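Take a look at the model below.

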Amino acid sequence: MRMTSIATATTSSALAALSALHTGWGLGSSFPFASREQLADSVAGTSEVPGPPECFAVAALLTGAAALVADVAPVGPVTRRLGLAGVALVLGGRGAVGVAGRTSSIVPWTPSAHFDRLDRRYYGPLCLLLAAGALVSAR
């Protein structure tokens, strides 16, 4: 399997898995955390999990991104490349802000210190990797 194919499969699978997590959270699950309070603090840095509309909106965007990366979205090649550039731009920006510890500059609340640590160590770098995977899949 070519490196591009591996990156595409890995990136689209990760995006789809993240979409499934957000869907579950919108339906009331706290997986993989023991409680909704732990989930809220860990993934949003707040005392409450964002509501179903927010969770489902993120899930829909992640599903669309996964479809573009996997090249199964019903769009032409130019639209796909533009979409992938958008995915990479959004995820790259989110990743850079997270790694820099500046997520509070893009959300209307002040995230908890626990979230900031997770964001700098895991979420930000993951977003950067997914952005790179989206760009690689555009080839």
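Is the crossing of H1 and H3 left-handed or right-handed? It is left-handed. A crossing is called left-handed if the near helix is turned anticlockwise from the far one by less than a right angle, and right-handed if clockwise. Helices here (H or I, at least four residues) are DSSP runs, numbered from the N terminus.

Before going on, note that this is a predicted model, in which local features need pLDDT of at least 70, side-chain atom pairs count only at pLDDT 80 or more, and totals for chains, interfaces and linings use all residues. Residues are numbered from 1 along each chain as its sequence is written, and side-chain values use heavy atoms, with hydrogens and water left out.

Two packed helices are described by the angle between their axes and the distance between the axes. Axes are lines fitted to C-alpha atoms, for helices over the stretch in contact, and angles run from 0 to 180 degrees between N-to-C directions. Start with helix H1 (residues 3–26) and helix H3 (residues 52–70). Their axes come within 8 Å and cross at roughly 165 degrees. H1 and H3 are therefore roughly antiparallel to each other. The cut-offs are simple: under 35 degrees is roughly parallel, over 145 roughly antiparallel, 65 to 115 roughly perpendicular, and the rest oblique.

Which residues make the contact of H1 with H3? On H1 they include Leu-15, Leu-18 and His-22. On H3 they include Phe-56, Leu-62 and Val-69. Contact means heavy atoms within 4.5 Å. By class, the residues of this contact are 14 nonpolar, 8 polar and no charged. Nonpolar covers Ala, Val, Leu, Ile, Met, Phe, Trp, Tyr, Cys and Pro; charged covers Asp, Glu, Lys and Arg; the others, Gly among them, are polar.

H1 also meets helix H5. The axes of H1 and H5 come within 9 Å and cross at roughly 130 degrees. That makes H1 oblique to H5. The crossing of H1 and H5 is left-handed. Leu-15 and Leu-18 of H1 are among the residues in this contact, as are Leu-130 and Ala-134 of H5. The contact of H1 with H5 has 8 nonpolar, 5 polar and no charged residues.

Now turn to H4 and H5. They pack at an angle of about 160 degrees, with their axes 7 Å apart. That makes H4 roughly antiparallel to H5. Their crossing is left-handed. The residues of this contact divide into 15 nonpolar, 5 polar and 4 charged.

Find Gly-95 in helix H4. Is Gly-95 buried or exposed? At 0% relative accessibility, Gly-95 counts as buried. Buried means under 20% relative accessible area, exposed over 50%, and partly exposed in between (1.4 Å probe, protein chains only). The C-alpha atoms of Gly-95 and Gly-124 are separated by 3.9 Å, though the two are 29 residues apart along the chain. Leaving aside neighbours within four places in sequence, Gly-95 is in contact with Gly-124, Cys-127 and Leu-128.

Next, look at the largest nonpolar core. A nonpolar core is a set of buried Ala, Val, Leu, Ile, Met, Phe, Trp, Tyr and Cys residues joined through side-chain atoms within 4.5 Å. This one has 17 residues, and Leu-15, Leu-84 and Ala-134 are among those that touch the most other members. H3, helix H4 (77–99) and helix H5 (113–137) each give two or more residues to this core. H3 gives the most, with 6 residues. Another core, of 5 residues, lies apart from it and includes Leu-39 and Cys-55.

Helix H2 (residues 36–43) has Leu-39, Ala-40 and Ser-42 as its buried residues. They pack against H1 and H5.

Arg-80 sits in helix H4. At 10% relative accessibility, Arg-80 counts as buried. Among the residues that Arg-80 touches are Asp-71 and Ser-137.

Finally, check the backbone. Most residues other than glycine have a negative phi, and most peptide bonds are trans. Asp-71 has a positive phi of about 60 degrees although it is not a glycine. Asp-71 lies in the loop between H3 and H4. The peptide bond from Phe-31 to Pro-32 is cis, with omega near 5 degrees. Pro-32 lies in the loop between H1 and H2.
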